Amino acid sequence: MSGYVEGILVILLLNVIFAYAVYWPLAAGQLNLGVAGFVGIGAYVSAYASNEFGIPPYIACVGAGFVAFALALVIAVPVLRTKGIYLALATFAFGQVLQSLFLNLEIVGGAAGYPVISYIGVGGIAVCTAAVFLITAFLDRTRFGLNMVAVHDDEAVSDLFGINVRAYQALAFALGAGFAGFGGALYGHHFSYIEPQNYSILFSISIVLFVLLGGTQTVVGPLVGAAFFTLLPEVLRGSEEWRYAIFAVCIIVIMIPRPQGLITSDQLSALRQFLVRDRLREERHG
Amino acid sequence: MADQPILSLDCVSKSFGGLNVIKNLSFDVRCGQRTALIGPNGAGKSTVFNLISGVFPVNSGRISVNGNDITNVPSRKRMKLGVSRSFQNIRLVQHLSVLENVLVGQTPRVTSLGDILYPIRMTSGSHWQCEAMEVLERAGLAAFARDHVGNLPYGVQKQIEIARALLGGADILLLDEPAAGLNPQETEDLSTRLHQIADSGTTIVVVEHDMQFVGAFCEYVVVLNFGEMIAEGTPQEVRRDPHVIEAYLGSDVA
Amino acid sequence: MLEQQLINGLMLGGIYVLVAVAFTLTIGILNFLNFSIPGIFMLSGVFTWFLLKSGVHWALALAGAIAIGAAASFVVERFTYRWMRSSDHYVPLVSSMGFLILFENLVLVQWGSDLQRVVTPFADLNIRPGSLVISIPQLVSLVLAVCLVAGLQQLLQRTQMGRALRAIAENATTAEILGIGVVSLVPAVFVIGGLFAALGGMLFALNYQQVHPFMGEEVALKGISAMVIGGMGNVWGSVLGGLLIGIVEVLSIHFLNADFVDFTVYGLLLLILFFKPTGLLGASKIVREKF
């Protein structure tokens, strides 16, 4: 694999993880604009653990994911008191506060950044991304996923049917944060350096952008969005300086006919029925 | 024990911003008794359902189910204690299929982590699904099981709401205007279906405007006007009650 | 020296006020967090620089820069909110961010990413009461910002158009049924919002004498915070919030150091959201809580 292809592949894989970090809160109706903060938490915690205590990198990464998960559960208590745009802005503010902490935390290098000694290669990241995808896809197929859709669509009815709405919202938020932390940890361990400037609101926004572009009604949507977002600028590399402008036009043009994103649940169930019907026809004729 | 009320409201009051919507309301529903809550528009019928299911807290009074005081039980836990309901405006989860909506109805009985994390949308053999399919079949809805609810006719969606409410395992089913918007044939089917449900031991309480339906289906009627009970009894009794006639037709007729 | 810092903070706050008002208009009336506003702010700032550099008379240059911002905002409406009115509240956010990226990159392609120095005819106009230095253009900006907000408030409260806009804020569907021309009024909201953002960008270019393609982002984030701190949808709230943030920002630099600006500003935002989400002045009636 050439260096160029590998480089893009790593970014794609990490973007898929970040996409699911944003997908879970959205599945419960929350727009998390502070996801970069949790990515940063994961990166710093794992790097500190593996640098200072010699903890094996994968364990450090998973552990950092759990730290981000736990932190999100705690912060979810006040954050979930807000709703809608207020919630999005609260997460935004939280992300900004975290970033300024990273910038000022001298123990991990402050604004100068923090090197990571141990290394995780593209193969390891691929396995981790697959794991994140499978966990998400699996959870979506369980009652947990079912109830999450119910909470997203109608909180009052979900509550009457015995679903603990607050708990589901908090879990969705924390699960997303956990994935963000895990992805951030892998990022730090792959690129061997953590720059706090990266964990800005722009990072959060770009992830949110590709998840909404892919669509949040299905598990496949974020995957498609991440792929689109990572690969399209590369495809447009021929028109070097224009590529982000063209890319932006693509986003605007796509959202007009498809405001719910590229992949919707109606579409998937139509596809599924189409396939099933074909199989039935074959069986009948065969 | 058959005479012990399964649902009992004792001096229940509720006000919204100084407006007394329910005033000192008391009535009992006996086990298995098909009961209707009727009254002119704005009498507070749906509010009574909302108080029983816990959407709003009461200002004073007591609500008990099966002898347990549920007045301060959070809404989320009331279905477990025996109260399930449908809604005046259909409140199904639009992004889920019919079967999945009905599965959501089972939530009050799902307690183990294993059940929550069982890939129920991927497989089709679990007892939960068999049970849900059975209820759908009995309601004549099995053909729609995999369809998205959003695309189905109104009458079908109303039936799905009832199927979903049934699966919570509650003893009391509160149905908010189940016959509204249905054509005569659908109303008749609904009546048959509700008789089946009642015969299998569930106590049904309806809020309904369709008096023909109430007369044919219910054994006992509670009449509300301006948040107060003005009459109760069999459909025949309340029909003759002067207060009821006055409430519905105006004082000059009485 | 503290007094000077406070004055600088107020001046900076004046810019935030304008951006906050731009945000609060689309949020308050349309329930839409319009992320193209930083792009419009930047367009106007960059065109101020470009037109002045090209030797256009300063009055024409400033008018041109503002007109470009308002026109861009009009275009944004055509391609975003118009199509997605009935979707989830965060959906039009995506295409408005698309416009932010588009505007930034168009400017990037044309003029590169370097910081450009704005040569203004008013650079050295100062008054010096005692040992303080007050830049006249900055003072004018601040006064202008407050006057415009007052004018906007009058527009919303007293005119036919304002009543129609408040009806849309209450419930767009009902407003439409009542015969209010929602389709023609929404672009007006965007243009007014665009004017405020563009004015902010222009004044920023004149006062701080530098522009670059990404200049809108940080100011916009502060503007959003100002809007929330003051009370979302409340135009006077935006004034209070904007000035407050300007002051908090310079005080953090004065007493802590420049790295702590974000910490204090966004920490304050977070606290407000947790304990008084309607903001200091309370969200006005034009904001619906419909989530």
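User: What makes B:Arg121 and A:Asp140 a salt bridge?

Analyst: A note before the answer: this is a predicted model. In B:Arg121 and A:Asp140, the closest N and O atoms are 3.5 Å apart. A salt bridge asks for a side-chain nitrogen of Lys or Arg within 4 Å of a carboxyl oxygen of Asp or Glu. The pair therefore passes the rule.

User: How many salt bridges does the rule find across the interface of chain A and chain B, and how many residue pairs in polar contact?

Analyst: The rule finds 2 salt bridges between chain A and chain B. It also finds 11 residue pairs in polar contact there, both residues at pLDDT 80 or more.

User: Which helices of chain A supply at least two residues each to the side that touches chain B?

Analyst: They are helix 5 (122-140), helix 6 (143-153), helix 7 (155-160) and helix 12 (265-285) of chain A. Helix 6 of chain A has the largest share of that side, with 8 residues. By class, the side of chain A that touches chain B has 12 nonpolar, 9 polar and 7 charged residues.

User: How much area do chain A and chain B bury between them?

Analyst: About 2,800 Å² is buried between chain A and chain B, 61% of it on carbon and sulfur atoms. Three residues stand out on the chain A side: A:Arg143, A:Leu160 and A:Phe161 supply 32% of the area that chain A buries against chain B, more than any other three residues. The contact draws 28 residues from chain A and 34 residues from chain B.

User: Which chains share the most contacts?

Analyst: Chains A and C do, out of the 2 pairs of chains in contact. That contact takes 39 residues from chain A and 46 residues from chain C. Together chain A and chain C bury about 4,100 Å², with 79% of it on carbon and sulfur atoms. A:Ile85, A:Tyr86 and A:Ile252 supply 18% of the area that chain A buries against chain C, more than any other three residues.

User: How far apart are the nearest C-alpha atoms of chain B and chain C?

Analyst: They are 14 Å apart. Contact means heavy atoms within 4.5 Å. Chain B and chain C do not touch.

User: How do you know that strand 9 and strand 10 of chain B pair?

Analyst: Pairing needs at least two bridges. Strand 9 (residues 220-225) and strand 10 (residues 228-233) of chain B have 5 bridges, in the antiparallel sense. They therefore count as paired. One of the bridges joins B:Asn225 to B:Glu228. The hairpin has 2 residues between the strands, and B:Phe226 takes a positive phi near 45 degrees in it.

User: What is the strand order of the open sheet of 6 strands in chain B?

Analyst: The order is 6-7-8-3-9-10, and the pairing is mixed. Strand 6 (83-85) and strand 10 of chain B are the edge strands, each pairing on one side only. Neighbouring strands of this sheet are turned by 20 degrees against each other on average, direction ignored. Helix 10 (residues 242-249) of chain B packs on the sheet and touches strand 3 (35-38), strand 9 and strand 10 of chain B. Its direction makes about 125 degrees with that of strand 10 of chain B. Helix 6 (residues 154-166) of chain B lies across strand 6 and strand 7 (172-176) of chain B, at about 160 degrees to strand 7.

User: Why is one side of strand 2 and of strand 5 in chain B left without a neighbour in the sheet?

Analyst: The sheet in question is an open one of 4 strands in the order 2-1-4-5 (chain B), with antiparallel pairing. Strand 2 (19-30) and strand 5 (68-69) of chain B stand at its edges, each with a single partner strand, so one side of each has no neighbour. Inside the order, strand 1 (residues 5-16) and strand 4 (residues 60-65) of chain B pair over 5 bridges. There B:Asp10 stands opposite B:Arg62 of strand 4. Helix 1 (residues 45-53) of chain B packs on this sheet, touching strand 1, strand 2 and strand 4.

Notes. Residues are numbered from 1 along each chain as its sequence is written. Chains are lettered from A and ligands numbered from 1 in the order in which they are written. This is a predicted model: local features need pLDDT of at least 70, side-chain atom pairs count only at pLDDT 80 or more; totals for chains, interfaces and linings use all residues. Side-chain values use heavy atoms; hydrogens and water are left out. Buried area is the accessible area (1.4 Å probe) that two parts lose on being put together, summed over both. A polar contact is a pair of N or O atoms within 3.5 Å; within protein, one must be able to donate a hydrogen and the other to accept it, and residues adjacent in sequence count only if both atoms are side-chain atoms. Ala, Val, Leu, Ile, Met, Phe, Trp, Tyr, Cys and Pro count as nonpolar, Asp, Glu, Lys and Arg as charged, and the others, Gly among them, as polar. Axes are lines fitted to C-alpha atoms, for helices over the stretch in contact, and angles run from 0 to 180 degrees between N-to-C directions.
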